[in-house]
Amino acid sequence: MTSPSDAARFGWLRPDVLSIAAGALLAAVAPFERFDYVARGLTASALADDAPSAQVLLVTASPEALRDGLCERSLPGLLERGRARGALLVPPADAFCGADAEGGARAPATGAAPAVRLPPGLLRLSAGEVVGFFPLTSEARAAELGALGVSAAPWVIKKAPQSVPAVSLRDLADGQVPANALAGRVAVVAVGSGGVPPQAVATSALPPAKGVAAVLGGLLDGGRRASAPAWAPALVVLLAGGFVWLARRRYGSLVATTALFIATFALAAGQSALAARMEASLLPLPSTLFGLAVAFAGVMILRGLGVQRAVDRAAELIQRAALFRMQGVHTLRDEEFWPRVARLAEQAHPADLVLVAELPAGSWHLRFWNDRPGGESLVAERRHDVRRPPYSSEQGVPAVRLARRFLTKQDMPAVVVPLIAFGEIEGYVFFCGPVAEATFSREPERAENVGRELALLLRRKRLARTAEAGAGEERAGHTPTDDLVEGARVALDDLQLFGSMLRNAPVGLLYADAFGDVRFVAPEFAKWLRARDVTVPAESASAALPPGSLTLGDVLGATSASGAAVSLSSVMASDEGIELSVSAPEPAVLSVRPLRRESDGSSWIAGYVAALIPVKQPAPVSGNVRPLAARDATDPLCAFQLGDVVADAVASAARATGRAVRLEPIRGATHALGHRGELAQVLEAFLTDVASRGLPGHGPVVSVREAPQGVQLSILDVGFGLGLPESALQRVLTAPGAAPAGLEPLGRLILAVEDSHGQAELKTNDGWGITLTVTLLRAHPRVGAAVQESGKPAAQQNVIAIGRASPK
């Protein structure tokens, strides 16, 4: 796993930065050597010097003069008289001007100017032009050429052809041109055309004599040039690529492309300026431009691909979240929008049937929408012209009215509600049936309110669709970026709706991000915090707070009691959150819960949500009023055999007290209706209390039988041996929830009987004790005749077996 320090160290290794580095490396390596060579030659040729050369003189001789031996006879004397630096014989003139067989210079007299033949491999050519001189391998030849100033020079800022002086050999030999024209110069002797005027002598020379004279003149005037060091083009690409990267980062693709053209122009201008002044200054322009193109592609294309991937990913997430986000009104298709309008109208106004109709723009005829089959076929009026009744009054004014013969069912009335927003009719809604008529006659303003709100909803949809259509025409296309913008706009709408919900919530709501910074707080919650001396910043229009202005720790600290505040760690440790009771300024419950997200098997807290729920104080209860206890859902009202419950309770009481509790034979099926669990529990407790208080040998006697009134349970001798009068026991019957001390088991038994819809009574038996009689509702079980595999009837779930079960 990469540590944070490693991530910071290698954070610059981004695709755009790496592409600039790759472009600089390519420029330094110069992969296009052949094209770079040509570019250097063109650069040197383009910078030709127009100043007349004082170092070179082009001497041309016609073929006829060469065949007559004019060059061989007169050239040495002319060079000597004119004090020339020497002569460079350009083939084929060298064959007629006294050069030796090996192509060197004829051995001159002591102190005479040398006449050297131009070696065939000396010239460096580029695009058919002479651009410089190759180094010679022969040291002797190098010395001879060095005497004339010819040395190895890859590229030379040459003289312009028209700036090299040129004369005819015939004019020099005849004295028409003074011999001192050769003073201090190198005579480049070449074959030229005869019979040309003096001003055309230079252009009459055959190639490559003109190029040799121009390059040699530039070389002798200091025009030697060489390739720039390898780091120079790399530095150029780094600077230009950084300039384009900065423009792309701050101002976008268009400015970055402009920056690329500016960098290219600056490269060409800088190359010309450097080549005119410095020797080692010729850059490999094709390789440098290729490196710059690689850098530009990395900055633009790779970043564009990254943006495209981000757009695709965002569009995918927006599509996945489409089912969970709140959808705007204008984004719904008409087939879905109008039926939902009808369902909304059904919720707002009672009716047996609801129909909705749209009035298209620029039309007077309604278009009905309804998700019920045959909805429009119920309308008797087929023209659907809103200028006619029943859509308008006889005067053509649309208003809410009750129509009697609007539907094909003549006896079904319909409340016609025009949907008018800002004076324009958006559509109609029709509430049909007697229920709608009764509601309209009782509350006519209800239909008007519903119509007004539905009209505003329709107008919002129409205006949003119109704006969206105009934007679509301007875009003239749909790209994933448009989907991203649309999804962001919908998310912003949802966020604004969320802020409105927070501001108008009836309870206090609060949301904090994963850092514990409160980002949204409802006014009720803010009011509660201010009452507890917590500083709450003023809310913005979207109810959002800046990070750090209020923390969740401040909110929890406001609930502290006696200096002991609830810690945020307790909220983090509980998935269900915590609930705190607060009393001031009003009693409430503060619920704080973490919002967790899960991915790749891990879970983390993405935020926190809190709610402040007010607690209403119950009204005081009078002392003589017994509150109803909540019934346990596991003990429902059911049919059961009372004899079995009594038998179990008698046995349990006998074991608990160690005294005899007599049970008379049970007469009848004793199927009763009641809460079996509660009755069994309180009956056992009552019998245990009676048996423990009775005199020895005088325990209670229990009997169960079926009577005309229902199933009866009788318990004889409930005086407890205490000599209590009947009047004291009657008090328990009247107020079983407030039984006197010692009579609580009897009170609970009476309450259980009443909960099972039964009744209890006490009777005096003329000195034979007091009898408690309990009467429960009789249950009538159904008898089924299902057959098992063995052929015997099988009991069903709703069948209660009659009689006692056989011993197992």
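Biologist: Which residue forms a salt bridge with Arg-519?

Modeller: Side chains of opposite charge can pair when their charged atoms come close. A salt bridge is a side-chain nitrogen of Lys or Arg within 4 Å of a carboxyl oxygen of Asp or Glu. Here Arg-519 pairs with Asp-513, with the closest N and O atoms 3.7 Å apart. This is a predicted model, where local features need pLDDT of at least 70 and side-chain atom pairs count only at pLDDT 80 or more, while totals for chains, interfaces and linings use all residues. Residues are numbered from 1 along each chain as its sequence is written, and side-chain values use heavy atoms, leaving out hydrogens and water.

Biologist: Is Asp-513 buried or exposed?

Modeller: Buried means under 20% relative accessible area, exposed over 50%, and partly exposed in between (1.4 Å probe, protein chains only). Asp-513 is buried at 11%, and Arg-519 is partly exposed at 26%.

Biologist: How many salt bridges does the structure hold?

Modeller: It holds 16. One of them joins the side chains of Glu-426 and Arg-462 (2.8 Å, N to O). That pair links distant parts of the chain, 36 residues apart: Glu-426 sits in strand 15 (residues 424–432) and Arg-462 in helix 15 (residues 444–475). Helices (H or I, at least four residues) and strands (E, at least two) are DSSP runs, numbered from the N terminus.

Biologist: Which residues are linked with Glu-426 and Arg-462 in a network of salt bridges?

Modeller: Glu-424 and Arg-459 join them in that network. As for accessibility, Glu-426 is buried at 5%, whereas Arg-462 is partly exposed at 29%.
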